[in-house]
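Have a look at the sequence and the model first.

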Amino acid sequence: MGLFVAWAVWLGLNIFLFVTFFLTFDRDEKYYYTRQLLWSALAWARASAKCLNFNSLLILLPVCRNLLSFLRGTCSCCRRTMRKQLDHNLTFHKLVAYMIVLHTAIHIIAHLCNFEWYNDAQQATDNSLSSVLSELHQDDGLWLNPIHSNTTTPLHVAFTTIPGLTGVIITLALILMVTSSVKFIRRNYFEVFWYTHHLFIIYFAGLVIHGIAGAVRGQTADSLKEHNPKECAPFYTEWDQESSPHHCKEPEFGSIPAESWKWVLAPLILYAFERVLRFWRSCQEVAVTKVVKHPSKVLELQMRMKGFSMEVGQYVFLNCPSISRWEWHPFTLTSAPEEEDFSVHVRAAGDWTESLIDAFEQQTPKIPRIKVDGPFGTASEDVFQYEVAMLVGAGIGVTPFASVLKSIWYKLQHADQKLKTKKIYFYWICRETGSFGWFKNLLASLEQEMESSGRAGFLSYHLFLTGWSSSMVGHAALNVDKATDVVTGLRQKTSFGRPMWSNEFSAVAAAHPKSVVGVFLCGPGPLAKSLQRCCHQHSSLDPRKVQFYFNKENF
């Protein structure tokens, strides 16, 4: 509900700005003569420009990671509902980008029409009002029509004027950023996405410069005092004639002041501060204390950095200068806040990760240098805010919950009385058996610790194998009476196939009829939709009974 309200407010502000400025330029006397040349295209161009400025103000805020972490962790008014909205920062970033694309298209089409009508007015020889307006003040800077030649072409305007050239540059930068942001490019050619996204610098520079030439104009305030356009327009052939009974002077026109910089200055300063902070943090020395090679080509890096402080489920950005000086990639922290070192698990999923794994696997005396930026907050930070938590990890998506489970182990060891959570359900879905080896020892330690502390029922975990053969199932069936699982060696037996989520949610709801249950996922979109649907279906209409709240990792 809160997310719907936030997006409705944003959409409402866009509609309000568009309608307000459309009506201003469509009805204001100041632009009466401009409308005689451009008709309604003037209002379409200016209204879309205001919305472009508004959304350009917003586009950088969702990617200011330090700002979001501050709001999530230290702002006293940042309660659960507010914190959940922060988890949708990238979704909002994309929506704002789509809105920018929409208004850019409107702005371009409107100005193409404007150019044609400016050109038609300049070339007109019929002594009409538009032709007279085009001839006014061409030599003293008080003109209305920016086209002063009958031979001007669209190509000439696009590449020889400030609005035209910056408009072309902004549009090209926007096209490259948007097209390289599609899921296929991000997943398979992350470097392309990373580098083209830095064209935002060119986009903002062009946006600030775009309007300084003042190509679109309106009647000046002084001129309006001496020349009422509605009264004087019908007598345009008698302007500045002393013998005329209407005493109408020639109208004078001035440019509309450039305003884009006013809209984007604050977010640009904020983002610049964000990047300076990231740079300073990335310069801190990072010591790689341990390197562990896991099955399925997964590398664990354990590191230490002075002043590093984290919470469960947070993530960091890693950079390896020997691979690329400029590329930074996000990885969930798999260590617990109680540990001295922090760790990440890196799975081979592209050129950069494969190069990183290869660099550490090579038997060289010098370990590759690693830079770290972070940590930054995610939805998983809120796990211990719920009485009951359901943690769902798919493949390497288990990493944020490894941090949670490790932290639970430490809390149980020290008998933490502040622990609000009473029960955790953990679901891990893997395609191959080797993946379970990543955190098998952790789960075994948790089993032992919970049993020795008398809290054996605190954690209920379920392992699901989706890539299996009939022989594997037969082998498991023959050994079903054994105390440990034949796949993982753990006490909890591995299930073959995918979870029946409706049954799982029903069981949790029955076991905790009056609890608030936090559902946390780090996994693919289709699974997220399935879990979100189950949260709605199994939440009671009575707020005093069981309620499921869905949270998904987004970074």
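Let's start with Lys50, which sits in helix α3 (residues 41-59); helices here are DSSP runs of H or I with at least four residues, strands are runs of E with at least two, and both are numbered from the N terminus. Before going further, a note on the source: this is a predicted model, where local features need pLDDT of at least 70, side-chain atom pairs count only at pLDDT 80 or more, and totals for chains, interfaces and linings use all residues. Residues are numbered from 1 along each chain as its sequence is written, and side-chain values use heavy atoms, with hydrogens and water left out.

Is Lys50 buried or exposed? Lys50 is buried, at a relative accessible area of 6% (buried means under 20%, exposed over 50%, partly exposed in between, with a 1.4 Å probe and protein chains only). Setting aside neighbours within four places in sequence, Lys50 is in contact with Phe21 and Glu259, contact meaning heavy atoms within 4.5 Å. Phe18 is 32 residues from Lys50 in sequence, with 7.1 Å between the C-alpha atoms.

Zooming out, the chain has 21 helices and 14 strands. Of its 555 residues, 47% are buried. Take the contacts between residues at least 6 apart in sequence: 75% of them join residues at least 24 apart.

Now the sheets. Strands of a sheet pair through backbone hydrogen bonds, either parallel or antiparallel. Two strands count as paired here if DSSP finds at least two bridges between them. Another open sheet has six strands in the order β12-β11-β10-β9-β13-β14, and its pairing is parallel. There, β12 (494-496) and β14 (547-552) are the edge strands, each with a single partner, so one side of each is without a neighbour in the sheet.

| Strand pair | Direction | Bridges |
|---|---|---|
| β4 (residues 298-305) and β7 | antiparallel | six bridges |
| β10 (residues 423-430) and β11 (residues 459-465) | parallel | seven bridges |

Within these, Leu299 has Val346 in β7 as its bridge partner, while Cys430 stands opposite Leu465 in β11.

On to helix packing. Two packed helices are described by the angle between their axes and the distance between the axes. Helix α20 (residues 501-511) and helix α21 (residues 525-538) pack at about 40 degrees, with axes 10 Å apart; axes are lines fitted to C-alpha atoms, for helices over the stretch in contact, and angles run from 0 to 180 degrees between N-to-C directions. The two are therefore oblique to each other (under 35 degrees is roughly parallel, over 145 roughly antiparallel, 65 to 115 roughly perpendicular, and the rest oblique). Trp501, Ser502, Phe505 and Ser506 of α20 make the contact with Leu527, Ser530, Leu531, Cys534, Cys535 and His538 of α21.

Helix α21 also lies across β9 (388-394), β10, β13 (516-522) and β14, running at about 160 degrees to β14. Leu531 is part of α21, and Leu531 is buried with a relative accessible area of 0%. Beyond neighbours within four places in sequence, Leu531 is in contact with Val392, Trp501, Phe505, Leu521 and Phe550. The C-alpha atoms of Leu531 and Trp501 are 7.3 Å apart, across 30 residues of chain.
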